[in-house]
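Grab a pencil and let's work through a few exercises together. Try each task yourself before you read its solution.

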Amino acid sequence: MKRILTIGLAVSLLIALAGCPSPVVGPEPSSSAEMTSFVLPMALNLALDADYPGDWNAVAEQFNITDLPAGVDVRQLVPTFTVSTGATVKIGAAAQTSGVSVVDFTSDVVYTVTAEDGTTKNEYTVHVTAPELGFSAFSIAVSGMPGGTMPLERDNTNNTLTGEIPYTYRTAKDSPLTISFDHNGTGVWLASAEQTSGISQLDFSTATGTSSYSLELRNVGSIAKTYTVTVTAATSASADADLSSFSVTSGTSTYPGTITGTEVSFARLPPYADINALTVNFAMSHVAATLADGATTLTSGTSTLDLNADKLLTATAEDGSTQTYTVKAVNNKPDAAIIAMDLDSYTDGMKYIDIKIYDKAGAGSLSMGYLTSTYENYYFPSLSALPFWASVADGDIIRVWDAFGTVKGSTNSVNIQDDVVKSDNTADRWDVRNAETTGPGYFLAGYNVVFLKGASGFVNIAPISTSSTWFSPVPPSFDGAVTAGYWNEETQPASIIHGSTATAKYARLLPGKTHGLSASDWEIRTDGKYFSFTAASATPSVNFGVGGTVTLSITPTMFNGAVASSVFADLTAIGGTANTNLTDTAGVWSTTFDVAPTLAAGTYSVPVDARDSVSGAASKTYTGNEIKVTVMPPKDISISSFTASPTIAPVNPASTVTLTVDVSGLNGDTVSTVSVDTSAINTVGPVALVNSSGTLWTATTAVDAGLAVGDKTLIATATSSSGIVKTASAVVTVSSDPTMTINSFTASKYLIENATADTVTLTADILGLNGANPDTVTADLSAFGGSASAAFTNVSGNTWTCDLNVPDTQAPAGYTITVTANNVANALTETASLNIRVRPVMAFANSDMEADMHNTGYGLKPTTSGYESVTGHDGTTSRALHVYGTNTSTAFIFTSAVPLNAQGTYTKISFWVKGAITGADKAISIQIGSLGSSAPGQIFPCEVIGAIDKTVVSASSHSYTGSLNTEGNWVKITLDLITGTATTTAGNTIAFKVGGATGLTCDFYIDDIVYEE
């Protein structure tokens, strides 16, 4: 029924609405919840030397700030951030305000941004790190030591640098020692003197110096770590002769040894390692220890050893004691070795000789031809091992080919065994030589030979000659006899013939195929004509996003009558066709190609093929060369930073700021102009910056006086030569006029006993803004016998200190000390005060009630009594004994837990009391003596205690006649130890008793029981 309107009512309502103006509807609340920037600004974080913006990582969805200065405390940093209009920011349940909230970034912090409409929320993780401040190296110069320096042991956790000069060099400690160091801070200081690495000295001598120093390693403008540097000298020679590391070097390769006890061993070395003269590298665990080969003292990195057999080395300690190390012989021979020739191969006409491979451990007696027993390398005495990469196995055959293949005389005419040597100590080049260098049937010096493996088909093992890239005999695809020849690029002897001259074939190892281990590594031709590419290029590089034209050029070099008939390129990788012809211009073949602007940046390979043609012969194709085409990103510029210094300017007077923009051209672009819109801080208009050095553009502009307080945003605009425009912003904060504030004024202690001289350090934290730092800071210390204007010293940053010397005769009282800070230029004066109390000597330990001091045997009576913090008689807050509750009979309410201090010359004991006993008139009585009532010593009935101080003399017995009501005041009660029944207090205790009665209620305090003269 509530949603149904009658027709009449509906009509009336429509008429009424028609006659009313339309209501005004406001804008919808924003649903955006973005955090667009995050910065740790220098102006809000005193430990920083610059503004540190967060680097947004879209993949991890977090801002990263990982380059803070070393040693910065990340637990208390104030960030600024920018979020969507109307959005709110929280960390957990805690609301965050940009530029105000202090955040602990010890671990990653998650910011939750909630949109203005309250529905959309986004989380942003912020990761902040600062490297630990510390030394990475620290050494002292020690005359006579190897290298002249001795490193100190660094402990960056406990902040220590320690070292002991060996006994041999101990006299170096008698003179100042030069220190050298590396660290990640801004400077190293000894008191007020900055230390320079390699120049500054510390004196550790016992006569004039000290055994240790305190060095301050600073980070950005403040002391971050104090290191203790301690250097001593050994009092006796060391017996340490241990070897801590050992390695050998051959050529440019170093091989580490393994030290096991006093034995050094090595893994197998490559066969080209010269084990006859290995350079040794070693380190002794003690700097004064030495290592010798017999009578020859070894020098690490210089001395050599022959390790064909075990070597005994003597390590000598500083004290002359020795120990012997055994360096085991080094093996550089592979597991398999050539041990016999297969004489069966002689039957083919001396075209090649097969050499079988047998494992040394498995070799037995062999009967092959006229060989009746095993002779390891008998026919090849100089060929002691194969290259380590040969990959031969037991039973494989190495086939050595005769370059010419003709028979000379008898069946033993090929004297290959005369001289088979490794030509140059490398892993991939061997020559087969003969003492005779001419005539058929001999291997000629410098000519090629190919080793082929027989067990799994012929496989080329390595190039041989230093000058040739053509090889004889033929590659794996030829499996028959070769009757003649070799080929190289410098000379043209007889052809390589396979089968017959009618089917002549040539073999050439393709470019980039070093070992020719498979048939695809070779080019097989039926003539000797070929060509190679001596130059190939792409010009210019192409800029991505704008397209461009690239020219491909190639220059073929012809050999042996070959003629280039065509050259073409496969341009599919860069958007062209597969067979694009190049045009020959004076021997240079080229083509021009338009690269599409959509092609991604990167490096593309463009294969280039060529064909040669000779009259009457078929065309041949040569492939293998590639041209690299680099497609670059578009031209651009990047603004690394934009800063305005200083970032805080006062309202008055007018000031200036320096504008600095760090901007770079990218991908061939350059920066043409940089300007800054300064309308937020002055009426000058856009300011043109000049290129001051490298990528930095600078200018100085005014900050007008009288601006409204707040952040002022400046916009920098950089324009490139290609017309690209980039902007960046910086903030200058216009603050109120110069101010000076004393944030705190503290003392190292506030309570002093007048019987002991003491020193109190006074510390003032004074913040000056807008040029209002204090010129002088003073305090009136005349009440303590000091200066009426004692000067404070600025020790660091905002911290000022001064020492207050309190004499032992200082009268007990509460003293107010006022510190005054002055800034002359702005006529500013600020003051702050603190109270220091000088009290008399306590009657017994902790008789100020700051610790529980009743005797546990008697306890506190009534049982509800105890200790509470109250405002004391001197106006300061401290603990006092509170006695409260009912008391129906006489009782001890307090007994000291320790004896009274020695009375000495003191004649009085005083204490303070505040409160009342109600419900019955009863008083308190004090007893000095042993526990209990049998030997009370001195008794002081206090009788009536009112609102004024009172002196009490001793009596013969306790009396509780009287009353207690101090009317809310602290009242001082003095016990006269001389008048009346005098006794010495030494060794005695003090106890308080209260009378009892029905209805009696205690509610009073007792505090500060002290001696007085």
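**Exercise 1: a sheet, strand by strand**

Strand S58 runs antiparallel to strand S60 (residues 758-769), and 8 bridges join the two. This is a predicted model, where local features need pLDDT of at least 70 and side-chain atom pairs count only at pLDDT 80 or more, while totals for chains, interfaces and linings use all residues. Residues are numbered from 1 along each chain as its sequence is written, and side-chain values use heavy atoms, with hydrogens and water left out.

Task: find the order of the strands in the open sheet, and say which ones are at the edges.

Step 1. Know your terms: strands are DSSP runs of E, at least two residues, numbered from the N terminus, and two of them pair if DSSP finds at least two bridges between them.

Step 2. The 4 strands line up as S58-S60-S64-S63, with antiparallel pairing.

Step 3. S58 (739-747) and S63 (793-796) each pair on one side only, which makes them the edge strands.

**Exercise 2: a covered strand**

Task: work out how many residues of strand S69 (residues 891-895) are buried, and which strand pairs with S69.

Step 1. Buried means under 20% relative accessible area (1.4 Å probe, protein chains only).

Step 2. By that cut-off, 5 of the 5 residues in S69 are buried.

Step 3. S69 pairs with strand S75 (residues 989-994) in the antiparallel sense, over 4 bridges.

Step 4. Threonine 895 has alanine 991, in S75, as its bridge partner.

Technical notes: Buried < 20%, exposed > 50% of the residue type's maximum accessible area, 1.4 Å probe, protein only.
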